[in-house]
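Have the structure open beside you as you read.

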Amino acid sequence: MDNFYELLSDKSKFCDQIECLITSIDRTNNDPIVKERLEKLKHSIESCVDNFGRVYIYGSRMYGIAKDDSDVDLYFDTGDCFSGKIADDYKRQLQLIDLFVKATNKEFIGLEIITETRIPIVRFTHDSTNFNCDLQFRSGLAVLNSKLIKLYLSMDERVRWVIIAVKHWAVSFKLLSDDFSAYSLIWLILYVMMQYKIVPPIIDLWRMHQKHAPIYIEGWDTRICFNYDQLKPKYSSKSSLSKFDLLRYVFEFYSESNSTKLQNFVLCTVLGELLPKKTFYSTFITKVNAIGNYQCQIEKFEKCETLINTNFGNFNRIELQNPLKLCNSVIPWLSNTNMNLFIDFCTKSVNAM
């Protein structure tokens, strides 16, 4: 408890820490030398297979919360695979990783193939740029999910502040891991921002995009991830809550007093609502059909009933719906141990503030 009190009890001191961190982050993300290094990294990876394909950067480096020592998340489209042609072919993804590893030169240090996760990755350090990297070959869905997060972070400066603050908190207490990624943490925060009307739920973005043509990745319509500069002026929060208040509300939302209730529901990012786990599949379809303008996603969702019931059927854990791949949980790798740790840390943080 002392460590949480030391970090969070002095509001002014903590806010100053986060402002200094944001200044450092902005300096890194706007540094032309860092941008050159990232381009050099992409070129080195593409050159391993004679420029056959294209490398995309996603994650914190895309949506602008990366520190100087942050890892670089990369997707390698080896040719017409961005839309998900090999997304369900785990064996093919491993083959491509193996081919990449065999083709690498001395620039790529400490190559390690990680297969314990849903998406296989190869982890390495790129010597000439000194970036630590995670590279995957599945599909471009992670790239578009990062575009969506970038949109949400651009809507209100408080969102970015709270996300950076919570990530700093999570790193300070060694909470993040392959089981509990920064990506998962961000969506847990964004869901709370939806509750306080700081950002809109996914369905509101769809209303703004209904005239655009569908763009399918892994069979899911991702059109809301494009044209985000056109969307920003269309949404303005009417909430006057302070950054620090919102931070406290995030910890409060996932604290012990609320977590037992949350475990009986799916945190639905599409509607920004809690939907009962027992009837999630049918309730989601009924509610979304009543709204309309979401037919492309519903048709895909209806075909995944067994998978949905499996992914959201555990009543001993918090489950949050993926905003694009609606049959998946955003936190599938969050073990019960890590979840309980997260809840415990949120509880102690609320009490310390």
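## A charged pair between strand and helix

K287 is partly exposed, with a relative accessible area of 33%; here, buried means under 20% relative accessible area, exposed over 50%, and partly exposed in between, using a 1.4 Å probe and protein chains only. Helices (H or I, at least four residues) and strands (E, at least two) are DSSP runs, numbered from the N terminus.

## How to read the model

This is a predicted model, in which local features need pLDDT of at least 70 and side-chain atom pairs count only at pLDDT 80 or more, while totals for chains, interfaces and linings use all residues. Residues are numbered from 1 along each chain as its sequence is written, and side-chain values use heavy atoms, with hydrogens and water left out.

Across the whole structure, a search finds 15 salt bridges. One of them joins E218 and K325, whose closest N and O atoms are 2.8 Å apart. E218 lies in the loop between β6 (216–217) and β7 (220–221), and K325 in the loop between β10 (319–320) and α16 (336–352), so this pair ties together parts that are 107 residues apart in sequence. E218 is buried, with a relative accessible area of 12%, and K325 is buried with a value of 12%.

Another salt bridge brings together the side chains of D221 and R223, at 2.6 Å from N to O. Both ends are out of the way: D221 is buried at 0% relative accessible area, and R223 is buried at 8%.

## The nonpolar core

The largest nonpolar core has 118 residues, and W169, Y254 and F284 have the most contacts inside it. Such a core is a set of buried Ala, Val, Leu, Ile, Met, Phe, Trp, Tyr and Cys residues joined through side-chain atoms within 4.5 Å. Helix α8 (residues 182–195) supplies the largest share of this core, 10 residues.

Leaving aside neighbours within four places in sequence, F284 is in contact (heavy atoms within 4.5 Å) with residues including C268, V270, L271, Y294 and F301.

Notes. A salt bridge is a side-chain nitrogen of Lys or Arg within 4 Å of a carboxyl oxygen of Asp or Glu.
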